[in-house]
Amino acid sequence: MKIVRFTDPSGAVRLGNQHANGTTTLLEGDLFGSLKDTGTPATITRLLAPLKPAAVMCIGLNYRKHAEEGKQAIPEHPVLFMKVPSTVQNPGDPILLPRKLRSDSVDYECELAVVIGKSCKNVSKADALNYVLGYTCANDVSARDWQRNGGGGQWCRGKTFDTFCPLGPVLVTTDEIPNPNVLKIKTILNGETMQDWNTDDMIFDVPTLIEFLSASTRLDPGTVILTGTPHGVGFARKPPVFLKHGDSVTIEIEKIGSLTNPVQEET
């Protein structure tokens with residue numbers, strides 16, 4: 001199932017089942033419980049991120065070629081950092097370039113996002129995917145100057161500005177993606193492909209990440225895991241390519257779809 005979250009003409013937030021022919025029907029129930037397709041056509045006034053995350057856990061340096069382009073050693077364990085849930089942005093809504101804490105080095109990062117569907121702790125790798133509700137596209141937007149120099153060695157300042165975590169456009173349930181580590185993934189900036197790779201290049205695959213992140217740690221339903229980005233990011237290009245006002249950036253992942261956001265300056 002491809003689940004969308006949206007507002008209807010009354011302003012109510014609803015869930016829908018997006019069908020292959022492009023139509024959407026209303027769903028009843030709870031995203032983390034039981035959902036029933038009513039068969040009633042949905043009227044979508046505004047597409048929203050597929051969920052409001054309980055937490056956003058992010059993995060850095062998780063693609064081999066991305067580690068190489070940044071001249072970083074392959075990590076022994078997954079590199080964890082966090083985004084606050086308020087960073088989440090809807091499909092089609094703008095990524096805002098920070099101006100109060102100014103950054104002129106805002107970068108794109110296409111990422112596969114994993115959504116945990118059931119509370120879990122100390123999960124084995126063999127059992128990990130049984131706790132996944134589904135997958136969506138993410139853009140781990142990053143202010144490289146604040147990430148590197150403004151956080152006292154931590155990445156969170158450069159990763160947690162408002163709008164720095166676009167998600168969507170749909171949440172694809174695990175029955176449609178039995179193996180999340182065989183998916184084509186790319187970033188398209190103003191019509192030009194910047195990243196074009198496959199999730200099979202992850203250093204730590206999705207089950208390994210869930211095993212690691214759930215170790216001695218409860219993951220609640222709605223926890224979103226950003227699984228890292230492949231090579232081709234803006235800071236590693238010569239010359240560097242950073243987002244600017246008027247840009248349009250699209251994240252595409254096989255079997256999920258395309259997440260597009262314009263870029264604007266914060267006012």
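Helices and strands here are DSSP runs, numbered from the N terminus, and that is how the labels on this tour work. One thing to know before you click: you're looking at a predicted model.

Start by selecting K71. You'll land in the loop between α1 (64-69) and β7 (79-83). Check the backbone there: K71 has a positive phi of about 55°, although it is not a glycine. Is K71 buried or exposed? Its relative accessibility is 72%, so it counts as exposed.

Now jump to S216, in the loop between α4 (206-213) and β17. Here too phi is positive, near 55°, in a residue other than glycine. S216 has a relative accessible area of 62%, so it is exposed.

While you're looking at the backbone, pick out G168 and P169. They are joined by a cis peptide bond, with omega at about 0°, and P169 sits in strand β14 (residues 165-173). Then go to K238 and P239, where you'll find a cis peptide bond with omega of about -5°. P239 belongs to the loop between β17 (223-226) and β18.

Next, some rings. The structure has two aromatic pairs. For one of them, select F161 and F164: the ring centres are 5.5 Å apart and the planes meet at 70°, so this pair is edge-to-face.

Move along to T250, in strand β18 (residues 248-253). With a relative accessible area of 12%, T250 is buried, because the limit for that is under 20%.

Last stop: the largest pocket, with a volume of about 330 Å³. To centre your view, select L61, R144, Q147, W155 and F235, which lie nearest the middle of a lining of 19 residues. Two elements, β6 (55-60) and α2 (144-149), each give two or more residues to that lining. Which element gives the most? That's α2, with three residues. Colour the lining by class and you'll get five nonpolar, eight polar and six charged residues.

Notes. Residues numbered from 1 in each chain as written. Predicted model: local features only at pLDDT ≥ 70, side-chain atom pairs only at ≥ 80, totals over all residues. Heavy atoms only, no water. Helix = DSSP H or I, 4+ residues; strand = E, 2+ residues; numbered from the N terminus. Buried < 20%, exposed > 50% of the residue type's maximum accessible area, 1.4 Å probe, protein only. 1 Å grid on protein atoms, 1.4 Å probe; cavity = no way out; pocket = protein on both sides within 12 Å on 5 of 7 lines; lining within 4 Å. Points joined across faces, edges and corners; volume = space filled by probe spheres on them. Nonpolar A, V, L, I, M, F, W, Y, C, P; charged D, E, K, R; others polar. Phe/Tyr/Trp six-rings, centres within 6.5 Å; stacked < 30°, edge-to-face > 60°.
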